[in-house]
Amino acid sequence: MATYQDLSNEALQQKYNTLQDAYEAIASQQLQLDMSRGKPCTEQLDLSQPMLDILTSSSTVKTENGTDARNYGVLDGIPEAKALFSSILEVEPTQVIVGGNSSLTMMHDSIVQFLLHGVSEEATPWIKQGNVKFLCPSPGYDRHFTICEALGIEMIPVAMTPEGPDMDEVEKLAAADPQIKGIWCVPKYSNPDGFTYTDAVVDRLAGMQTAANDFRIFWDNAYIVHHLSDEPDELKNILPAAAKAGYPDRIMEFTSTSKVTFPGSGVAALASSEKNIAFYKKNLSVQSIGPDKLNQIRHVAFLKDKDTLSAHMKKHAAIIAPKFHTVLSILEEKLGGKGIADWTNPNGGYFISLNTMDGCAKDVVELAKKAGVTLTGAGATYPYGKDPSDRNIRIAPTLPPTEELKKAIEVLCLCVEMVSINRLLQK
(Lines give C-alpha, C1' and ligand atoms only; values in the text may rest on other atoms or scores of the structure.)
Protein backbone atom coordinates (compact mmCIF):
# COMPACT_ATOMS: atom_id res chain seq x y z
CA MET A 1 0.00 0.00 0.00
CA ALA A 2 1.30 3.44 -0.94
CA THR A 3 1.55 5.95 1.88
CA TYR A 4 -0.43 9.14 1.63
CA GLN A 5 2.84 10.98 1.09
CA ASP A 6 3.27 9.01 -2.15
CA LEU A 7 -0.14 9.96 -3.58
CA SER A 8 -0.70 12.78 -6.02
CA ASN A 9 -2.63 15.87 -4.95
CA GLU A 10 -5.48 14.76 -7.20
CA ALA A 11 -5.67 11.35 -5.53
CA LEU A 12 -5.47 12.97 -2.09
CA GLN A 13 -8.29 15.36 -2.92
CA GLN A 14 -10.49 12.53 -4.16
CA LYS A 15 -9.82 10.60 -0.98
CA TYR A 16 -10.57 13.67 1.11
CA ASN A 17 -13.90 14.23 -0.61
CA THR A 18 -14.95 10.66 0.15
CA LEU A 19 -13.89 10.99 3.77
CA GLN A 20 -15.72 14.29 4.13
CA ASP A 21 -18.96 12.71 2.95
CA ALA A 22 -18.53 9.97 5.56
CA TYR A 23 -17.71 12.55 8.24
CA GLU A 24 -20.82 14.62 7.50
CA ALA A 25 -22.97 11.49 7.71
CA ILE A 26 -21.52 10.69 11.15
CA ALA A 27 -21.80 14.28 12.38
CA SER A 28 -25.51 14.25 11.51
CA GLN A 29 -26.02 11.43 14.03
CA GLN A 30 -25.29 13.85 16.91
CA LEU A 31 -23.13 11.36 18.81
CA GLN A 32 -22.17 11.91 22.43
CA LEU A 33 -19.15 9.68 23.04
CA ASP A 34 -16.60 10.51 25.76
CA MET A 35 -13.09 9.02 25.81
CA SER A 36 -11.41 11.86 27.66
CA ARG A 37 -10.44 10.10 30.91
CA GLY A 38 -9.17 6.69 31.92
CA LYS A 39 -12.07 5.47 34.01
CA PRO A 40 -13.10 1.89 34.79
CA CYS A 41 -16.33 0.81 33.14
CA THR A 42 -19.44 -0.33 35.01
CA GLU A 43 -18.53 -4.01 34.59
CA GLN A 44 -15.19 -3.35 36.29
CA LEU A 45 -16.82 -1.52 39.18
CA ASP A 46 -19.23 -4.42 39.62
CA LEU A 47 -16.27 -6.71 40.35
CA SER A 48 -15.77 -4.97 43.70
CA GLN A 49 -19.42 -4.61 44.66
CA PRO A 50 -19.21 -7.46 47.23
CA MET A 51 -16.73 -5.35 49.19
CA LEU A 52 -19.59 -3.09 50.24
CA ASP A 53 -21.19 -5.97 52.13
CA ILE A 54 -18.10 -6.91 54.12
CA LEU A 55 -18.81 -4.61 57.05
CA THR A 56 -22.17 -5.44 58.65
CA SER A 57 -23.63 -4.68 62.04
CA SER A 58 -22.02 -7.83 63.41
CA SER A 59 -18.64 -7.41 61.71
CA THR A 60 -15.50 -6.72 63.65
CA VAL A 61 -14.38 -3.13 63.47
CA LYS A 62 -11.15 -3.72 65.33
CA THR A 63 -7.78 -4.14 63.71
CA GLU A 64 -5.45 -7.03 64.43
CA ASN A 65 -3.76 -4.99 67.19
CA GLY A 66 -7.09 -4.17 68.85
CA THR A 67 -7.59 -0.62 67.55
CA ASP A 68 -11.20 0.43 67.05
CA ALA A 69 -11.29 1.50 63.39
CA ARG A 70 -14.33 3.69 63.98
CA ASN A 71 -12.32 6.12 66.07
CA TYR A 72 -9.53 8.64 65.56
CA GLY A 73 -5.91 7.65 65.23
CA VAL A 74 -3.55 5.28 63.36
CA LEU A 75 -2.20 8.10 61.19
CA ASP A 76 -0.10 5.80 58.99
CA GLY A 77 -2.79 3.17 58.32
CA ILE A 78 -3.91 -0.03 59.99
CA PRO A 79 -1.28 -2.80 60.24
CA GLU A 80 -3.21 -5.12 57.91
CA ALA A 81 -3.30 -2.47 55.16
CA LYS A 82 0.38 -1.66 55.60
CA ALA A 83 1.16 -5.37 55.27
CA LEU A 84 -0.91 -5.68 52.09
CA PHE A 85 0.69 -2.70 50.39
CA SER A 86 4.17 -3.69 51.54
CA SER A 87 3.70 -7.05 49.82
CA ILE A 88 2.51 -5.36 46.62
CA LEU A 89 5.37 -2.83 46.61
CA GLU A 90 7.94 -5.32 47.95
CA VAL A 91 9.08 -3.19 50.88
CA GLU A 92 8.89 -3.46 54.66
CA PRO A 93 5.66 -2.38 56.40
CA THR A 94 7.69 0.24 58.26
CA GLN A 95 8.35 1.88 54.88
CA VAL A 96 4.65 2.36 54.12
CA ILE A 97 1.98 4.91 54.97
CA VAL A 98 -1.57 3.96 53.98
CA GLY A 99 -3.79 6.98 53.59
CA GLY A 100 -7.10 8.02 52.15
CA ASN A 101 -8.57 7.39 48.74
CA SER A 102 -6.15 9.31 46.51
CA SER A 103 -2.48 8.79 45.69
CA LEU A 104 -2.64 12.09 43.80
CA THR A 105 -3.45 13.81 47.10
CA MET A 106 -0.42 12.16 48.72
CA MET A 107 1.80 13.32 45.85
CA HIS A 108 0.47 16.86 46.12
CA ASP A 109 0.94 16.85 49.89
CA SER A 110 4.50 15.53 49.57
CA ILE A 111 5.49 18.37 47.26
CA VAL A 112 3.79 20.97 49.45
CA GLN A 113 5.64 19.58 52.46
CA PHE A 114 8.96 19.79 50.63
CA LEU A 115 8.21 23.34 49.49
CA LEU A 116 7.32 24.49 53.01
CA HIS A 117 9.47 22.28 55.23
CA GLY A 118 12.18 20.75 53.06
CA VAL A 119 12.71 17.05 52.48
CA SER A 120 13.89 16.36 56.03
CA GLU A 121 14.30 17.94 59.46
CA GLU A 122 17.72 19.30 58.56
CA ALA A 123 16.92 20.41 54.98
CA THR A 124 16.11 23.90 53.71
CA PRO A 125 12.56 24.28 52.38
CA TRP A 126 12.48 24.23 48.59
CA ILE A 127 10.58 27.49 48.47
CA LYS A 128 13.47 29.27 50.24
CA GLN A 129 15.99 28.08 47.66
CA GLY A 130 14.65 30.01 44.67
CA ASN A 131 12.93 28.79 41.54
CA VAL A 132 11.97 25.13 41.94
CA LYS A 133 12.11 22.97 38.80
CA PHE A 134 10.92 19.46 37.93
CA LEU A 135 11.87 17.14 35.10
CA CYS A 136 8.78 15.88 33.28
CA PRO A 137 9.10 12.87 30.95
CA SER A 138 6.74 13.63 28.09
CA PRO A 139 4.25 12.57 26.96
CA GLY A 140 3.21 12.05 30.56
CA TYR A 141 0.41 12.28 33.10
CA ASP A 142 -1.42 15.60 32.88
CA ARG A 143 -2.34 15.73 36.57
CA HIS A 144 1.33 15.59 37.56
CA PHE A 145 1.87 18.65 35.42
CA THR A 146 -1.17 20.37 36.89
CA ILE A 147 0.28 20.00 40.39
CA CYS A 148 3.52 21.67 39.31
CA GLU A 149 1.77 24.45 37.48
CA ALA A 150 -0.57 25.15 40.42
CA LEU A 151 2.36 25.32 42.85
CA GLY A 152 4.56 27.48 40.63
CA ILE A 153 7.11 24.77 39.89
CA GLU A 154 8.87 25.18 36.55
CA MET A 155 8.53 22.11 34.35
CA ILE A 156 11.27 20.91 32.03
CA PRO A 157 10.10 18.33 29.46
CA VAL A 158 12.36 15.38 28.73
CA ALA A 159 11.71 12.83 26.02
CA MET A 160 10.09 9.48 26.75
CA THR A 161 11.37 6.38 24.98
CA PRO A 162 10.14 2.76 25.02
CA GLU A 163 12.80 2.13 27.71
CA GLY A 164 11.74 5.06 29.90
CA PRO A 165 12.89 8.68 30.09
CA ASP A 166 15.83 9.70 27.92
CA MET A 167 18.41 9.15 30.65
CA ASP A 168 21.23 10.97 28.89
CA GLU A 169 19.05 14.06 28.96
CA VAL A 170 17.83 13.45 32.52
CA GLU A 171 21.33 12.92 33.91
CA LYS A 172 22.73 15.95 32.10
CA LEU A 173 20.00 18.28 33.34
CA ALA A 174 19.88 16.98 36.93
CA ALA A 175 23.65 17.16 37.32
CA ALA A 176 23.88 20.74 36.04
CA ASP A 177 21.13 22.59 37.92
CA PRO A 178 20.65 22.56 41.73
CA GLN A 179 17.17 24.07 41.27
CA ILE A 180 15.97 20.83 39.66
CA LYS A 181 14.46 19.15 42.70
CA GLY A 182 12.58 16.22 41.25
CA ILE A 183 11.28 14.12 38.40
CA TRP A 184 7.86 12.61 37.73
CA CYS A 185 7.81 8.94 36.76
CA VAL A 186 5.01 6.53 35.86
CA PRO A 187 7.39 3.58 35.61
CA LYS A 188 5.07 0.71 34.74
CA TYR A 189 2.67 0.93 31.79
CA SER A 190 3.34 4.66 31.62
CA ASN A 191 0.60 7.18 31.05
CA PRO A 192 -0.07 7.54 28.12
CA ASP A 193 2.45 5.38 26.20
CA GLY A 194 2.15 2.17 28.20
CA PHE A 195 5.95 1.78 28.44
CA THR A 196 7.68 0.04 31.35
CA TYR A 197 11.08 1.30 32.47
CA THR A 198 13.98 -1.08 31.84
CA ASP A 199 16.27 -2.24 34.64
CA ALA A 200 19.03 -0.03 33.23
CA VAL A 201 16.83 3.06 33.42
CA VAL A 202 15.75 2.21 36.99
CA ASP A 203 19.37 1.83 38.05
CA ARG A 204 20.43 5.07 36.38
CA LEU A 205 17.61 6.99 38.07
CA ALA A 206 18.42 5.42 41.42
CA GLY A 207 22.10 6.23 41.30
CA MET A 208 22.50 9.33 39.14
CA GLN A 209 24.44 12.36 40.30
CA THR A 210 22.29 15.43 40.95
CA ALA A 211 23.32 19.01 41.64
CA ALA A 212 20.56 19.20 44.26
CA ASN A 213 21.27 17.16 47.39
CA ASP A 214 17.52 17.20 48.11
CA PHE A 215 16.44 15.73 44.77
CA ARG A 216 13.43 13.42 44.86
CA ILE A 217 11.98 10.91 42.40
CA PHE A 218 8.18 10.83 42.43
CA TRP A 219 7.57 7.21 41.46
CA ASP A 220 3.86 7.00 40.61
CA ASN A 221 3.43 3.24 40.38
CA ALA A 222 -0.28 3.56 39.57
CA TYR A 223 -0.45 0.55 37.24
CA ILE A 224 1.75 -1.88 39.16
CA VAL A 225 -0.93 -4.64 39.02
CA HIS A 226 -2.82 -3.52 35.90
CA HIS A 227 -1.78 -6.14 33.36
CA LEU A 228 -3.52 -6.88 30.08
CA SER A 229 -1.90 -10.25 29.42
CA ASP A 230 -0.70 -13.34 31.25
CA GLU A 231 2.90 -12.25 30.58
CA PRO A 232 3.11 -8.91 32.40
CA ASP A 233 6.01 -6.50 32.17
CA GLU A 234 8.54 -6.72 34.98
CA LEU A 235 9.67 -3.55 36.76
CA LYS A 236 12.75 -3.47 38.94
CA ASN A 237 12.16 -2.30 42.50
CA ILE A 238 13.72 1.15 42.70
CA LEU A 239 13.75 1.54 46.49
CA PRO A 240 16.45 -1.07 47.19
CA ALA A 241 18.26 0.04 44.03
CA ALA A 242 18.46 3.61 45.36
CA ALA A 243 19.55 2.41 48.79
CA LYS A 244 22.28 0.28 47.23
CA ALA A 245 23.44 3.27 45.19
CA GLY A 246 23.75 5.38 48.35
CA TYR A 247 20.54 7.40 47.99
CA PRO A 248 18.05 5.65 50.31
CA ASP A 249 15.88 8.76 50.72
CA ARG A 250 15.60 9.66 47.03
CA ILE A 251 12.42 7.73 46.23
CA MET A 252 8.81 8.64 46.99
CA GLU A 253 6.70 5.78 45.62
CA PHE A 254 2.92 5.97 45.34
CA THR A 255 0.13 3.62 44.38
CA SER A 256 -3.56 3.08 45.10
CA THR A 257 -6.53 0.80 44.54
CA SER A 258 -8.38 3.50 42.58
CA LYS A 259 -8.75 1.35 39.46
CA VAL A 260 -8.60 -1.91 41.42
CA THR A 261 -11.80 -1.34 43.39
CA PHE A 262 -13.63 2.01 43.31
CA PRO A 263 -12.05 5.25 42.06
CA GLY A 264 -12.78 7.87 44.68
CA SER A 265 -13.40 5.22 47.33
CA GLY A 266 -10.16 3.29 47.17
CA VAL A 267 -7.05 3.31 49.35
CA ALA A 268 -3.74 5.00 48.56
CA ALA A 269 -0.25 4.31 49.85
CA LEU A 270 3.19 5.91 49.99
CA ALA A 271 6.39 3.86 50.24
CA SER A 272 9.80 5.35 50.98
CA SER A 273 12.74 5.12 53.37
CA GLU A 274 11.90 4.91 57.05
CA LYS A 275 13.42 8.39 57.50
CA ASN A 276 11.13 9.86 54.86
CA ILE A 277 8.11 8.04 56.26
CA ALA A 278 8.74 9.46 59.74
CA PHE A 279 9.06 12.99 58.35
CA TYR A 280 5.95 12.67 56.18
CA LYS A 281 4.01 11.31 59.15
CA LYS A 282 5.09 14.24 61.33
CA ASN A 283 3.85 16.73 58.76
CA LEU A 284 0.69 14.69 58.15
CA SER A 285 -0.20 14.91 61.84
CA VAL A 286 -0.89 18.62 61.38
CA GLN A 287 -3.62 18.06 58.79
CA SER A 288 -5.18 14.74 59.82
CA ILE A 289 -6.16 12.72 62.86
CA GLY A 290 -6.22 9.52 60.83
CA PRO A 291 -7.52 8.07 57.56
CA ASP A 292 -10.74 6.16 56.87
CA LYS A 293 -9.78 2.94 58.64
CA LEU A 294 -13.13 1.26 57.97
CA ASN A 295 -12.42 1.54 54.26
CA GLN A 296 -8.98 0.06 54.83
CA ILE A 297 -10.57 -2.88 56.70
CA ARG A 298 -12.97 -3.43 53.79
CA HIS A 299 -10.15 -3.45 51.26
CA VAL A 300 -7.93 -5.80 53.24
CA ALA A 301 -10.81 -8.21 53.80
CA PHE A 302 -11.72 -8.11 50.10
CA LEU A 303 -8.27 -8.14 48.46
CA LYS A 304 -6.66 -10.27 51.21
CA ASP A 305 -3.21 -10.88 49.69
CA LYS A 306 -1.19 -10.76 46.46
CA ASP A 307 -2.70 -13.97 45.08
CA THR A 308 -6.26 -12.81 45.67
CA LEU A 309 -5.42 -9.42 44.21
CA SER A 310 -3.88 -11.06 41.15
CA ALA A 311 -7.02 -13.13 40.56
CA HIS A 312 -9.13 -9.98 40.91
CA MET A 313 -6.99 -8.10 38.38
CA LYS A 314 -7.30 -10.93 35.88
CA LYS A 315 -11.04 -10.32 35.96
CA HIS A 316 -10.36 -6.68 35.13
CA ALA A 317 -8.12 -7.72 32.26
CA ALA A 318 -10.78 -10.04 30.89
CA ILE A 319 -13.09 -7.04 30.60
CA ILE A 320 -10.74 -4.39 29.22
CA ALA A 321 -8.13 -6.32 27.20
CA PRO A 322 -10.69 -6.96 24.41
CA LYS A 323 -11.34 -3.22 24.31
CA PHE A 324 -7.65 -2.51 23.80
CA HIS A 325 -7.62 -5.17 21.07
CA THR A 326 -10.61 -3.50 19.43
CA VAL A 327 -8.88 -0.12 19.37
CA LEU A 328 -5.62 -1.53 18.05
CA SER A 329 -7.39 -3.55 15.36
CA ILE A 330 -9.30 -0.52 14.10
CA LEU A 331 -6.20 1.67 14.14
CA GLU A 332 -4.36 -0.91 12.06
CA GLU A 333 -7.28 -1.39 9.68
CA LYS A 334 -7.94 2.30 9.13
CA LEU A 335 -4.51 3.89 9.49
CA GLY A 336 -1.96 1.12 9.08
CA GLY A 337 0.57 1.58 6.29
CA LYS A 338 -0.64 5.06 5.34
CA GLY A 339 2.30 6.93 6.83
CA ILE A 340 0.14 9.34 8.81
CA ALA A 341 0.08 7.86 12.33
CA ASP A 342 1.69 5.40 14.72
CA TRP A 343 0.59 4.11 18.11
CA THR A 344 1.71 2.09 21.09
CA ASN A 345 0.65 -1.47 21.93
CA PRO A 346 0.73 -1.58 25.74
CA ASN A 347 0.88 -4.71 27.85
CA GLY A 348 -0.97 -3.04 30.70
CA GLY A 349 -2.24 0.22 32.11
CA TYR A 350 -5.14 2.30 30.87
CA PHE A 351 -4.07 4.11 27.72
CA ILE A 352 -2.89 3.88 24.14
CA SER A 353 -0.74 6.69 22.78
CA LEU A 354 -1.56 7.76 19.21
CA ASN A 355 0.87 9.96 17.32
CA THR A 356 -0.32 11.83 14.24
CA MET A 357 1.78 13.70 11.71
CA ASP A 358 3.37 16.79 13.23
CA GLY A 359 0.99 19.67 13.58
CA CYS A 360 -2.21 17.63 13.36
CA ALA A 361 -3.28 16.55 16.85
CA LYS A 362 -5.23 19.67 17.86
CA ASP A 363 -7.14 19.72 14.58
CA VAL A 364 -7.94 16.01 14.91
CA VAL A 365 -9.29 16.43 18.45
CA GLU A 366 -11.37 19.44 17.42
CA LEU A 367 -12.77 17.71 14.35
CA ALA A 368 -13.67 14.65 16.42
CA LYS A 369 -15.40 16.87 18.98
CA LYS A 370 -17.57 18.41 16.27
CA ALA A 371 -18.61 14.89 15.30
CA GLY A 372 -19.60 14.10 18.91
CA VAL A 373 -16.46 12.32 20.16
CA THR A 374 -14.68 13.89 23.15
CA LEU A 375 -11.00 13.01 23.52
CA THR A 376 -8.33 14.11 25.97
CA GLY A 377 -7.22 17.54 24.83
CA ALA A 378 -4.28 17.63 22.44
CA GLY A 379 -1.23 18.80 24.36
CA ALA A 380 -2.57 17.56 27.71
CA THR A 381 0.21 14.97 27.94
CA TYR A 382 2.87 17.71 27.93
CA PRO A 383 3.78 20.38 30.49
CA TYR A 384 1.70 23.53 30.19
CA GLY A 385 -0.52 21.72 27.66
CA LYS A 386 1.99 22.38 24.89
CA ASP A 387 2.99 19.46 22.72
CA PRO A 388 5.90 20.94 20.73
CA SER A 389 5.13 18.69 17.77
CA ASP A 390 1.32 18.82 18.16
CA ARG A 391 1.08 15.10 17.46
CA ASN A 392 0.19 13.13 20.61
CA ILE A 393 -3.36 12.00 21.41
CA ARG A 394 -4.15 9.87 24.46
CA ILE A 395 -6.74 7.15 23.86
CA ALA A 396 -8.65 5.86 26.90
CA PRO A 397 -10.44 2.63 25.86
CA THR A 398 -11.79 1.37 29.20
CA LEU A 399 -14.99 3.31 29.94
CA PRO A 400 -17.17 3.15 26.79
CA PRO A 401 -19.22 0.05 25.94
CA THR A 402 -17.60 -1.86 23.09
CA GLU A 403 -20.00 -0.69 20.38
CA GLU A 404 -19.56 2.94 21.40
CA LEU A 405 -15.81 2.43 21.55
CA LYS A 406 -15.75 1.05 18.00
CA LYS A 407 -17.71 4.01 16.70
CA ALA A 408 -15.53 6.50 18.57
CA ILE A 409 -12.27 5.04 17.23
CA GLU A 410 -13.66 4.89 13.71
CA VAL A 411 -14.52 8.60 14.00
CA LEU A 412 -11.05 9.30 15.37
CA CYS A 413 -9.39 7.47 12.47
CA LEU A 414 -11.57 9.32 9.97
CA CYS A 415 -10.51 12.62 11.51
CA VAL A 416 -6.83 11.64 11.45
CA GLU A 417 -7.11 10.86 7.75
CA MET A 418 -8.93 14.09 6.91
CA VAL A 419 -6.56 16.35 8.86
CA SER A 420 -3.50 14.53 7.51
CA ILE A 421 -4.62 14.83 3.89
CA ASN A 422 -5.45 18.48 4.37
CA ARG A 423 -1.96 19.04 5.80
CA LEU A 424 -0.34 17.23 2.88
CA LEU A 425 -2.36 19.23 0.34
CA GLN A 426 -1.10 22.45 1.92
CA LYS A 427 2.54 21.56 1.37
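A crossing is left-handed if the near helix is turned anticlockwise from the far one by less than a right angle, and right-handed if clockwise. The model is predicted: local features need pLDDT of at least 70, side-chain atom pairs count only at pLDDT 80 or more, and totals for chains, interfaces and linings use all residues. Residues are numbered from 1 along each chain as its sequence is written, and side-chain values use heavy atoms, without hydrogens and water.

**Exercise 1. Describe how α3 crosses α10.**

Step 1. Helices (H or I, at least four residues) and strands (E, at least two) are DSSP runs, numbered from the N terminus. Helix α3 spans residues 79-89 and helix α10 spans residues 293-303.

Step 2. Axes are lines fitted to C-alpha atoms, for helices over the stretch in contact, and angles run from 0 to 180 degrees between N-to-C directions. The two axes come within 9 Å and cross at roughly 50°. That makes α3 oblique to α10. The classes are roughly parallel under 35 degrees, roughly antiparallel over 145, roughly perpendicular from 65 to 115, and oblique for the rest.

Step 3. The crossing of α3 and α10 is left-handed.

Step 4. List the contacts (heavy atoms within 4.5 Å). Glu80, Ala81 and Leu84 of α3 meet Gln296, Val300 and Leu303 of α10. By class, these residues are four nonpolar, one polar and one charged. Here Ala, Val, Leu, Ile, Met, Phe, Trp, Tyr, Cys and Pro count as nonpolar, Asp, Glu, Lys and Arg as charged, and the others, Gly among them, as polar.

**Exercise 2. Describe the packing of α1 with α13.**

Step 1. Helix α1 (residues 9-27) and helix α13 (residues 402-426) pack at about 145°, their axes 9 Å apart.

Step 2. α1 passes α13 in a left-handed crossing.

Step 3. Residues of α1 in the contact include Leu12, Tyr16 and Leu19; those of α13 include Leu414, Met418 and Ile421. The contact has 13 nonpolar, four polar and two charged residues.

**Exercise 3. Locate the salt bridge of arginine 37 and classify its partners by accessibility.**

Step 1. A salt bridge is a side-chain nitrogen of Lys or Arg within 4 Å of a carboxyl oxygen of Asp or Glu. The structure holds 18 of them.

Step 2. Arginine 37 pairs with aspartate 142; their closest N and O atoms are 3.0 Å apart. The pair links distant parts of the chain, 105 residues apart: arginine 37 is in the loop between β1 (33-35) and α2 (42-47), aspartate 142 in helix α5 (residues 142-150).

Step 3. Buried means under 20% relative accessible area, exposed over 50%, partly exposed in between (1.4 Å probe, protein chains only). Arginine 37, at 26%, is partly exposed. Aspartate 142, at 13%, is buried.

**Exercise 4. Find the positive phi values and the cis peptide bonds.**

Step 1. Most residues other than glycine have a negative phi, and most peptide bonds are trans.

Step 2. Glutamine 30 has a positive phi near 50°. Glutamine 30 lies in the loop between α1 and β1, and is exposed at 69% relative accessible area.

Step 3. Lysine 304 has a positive phi of about 65°. Lysine 304 sits in the loop between α10 and α11.

Step 4. The bond from serine 138 to proline 139 is cis, omega near 5°. The bond from asparagine 191 to proline 192 is cis too, omega near 10°.
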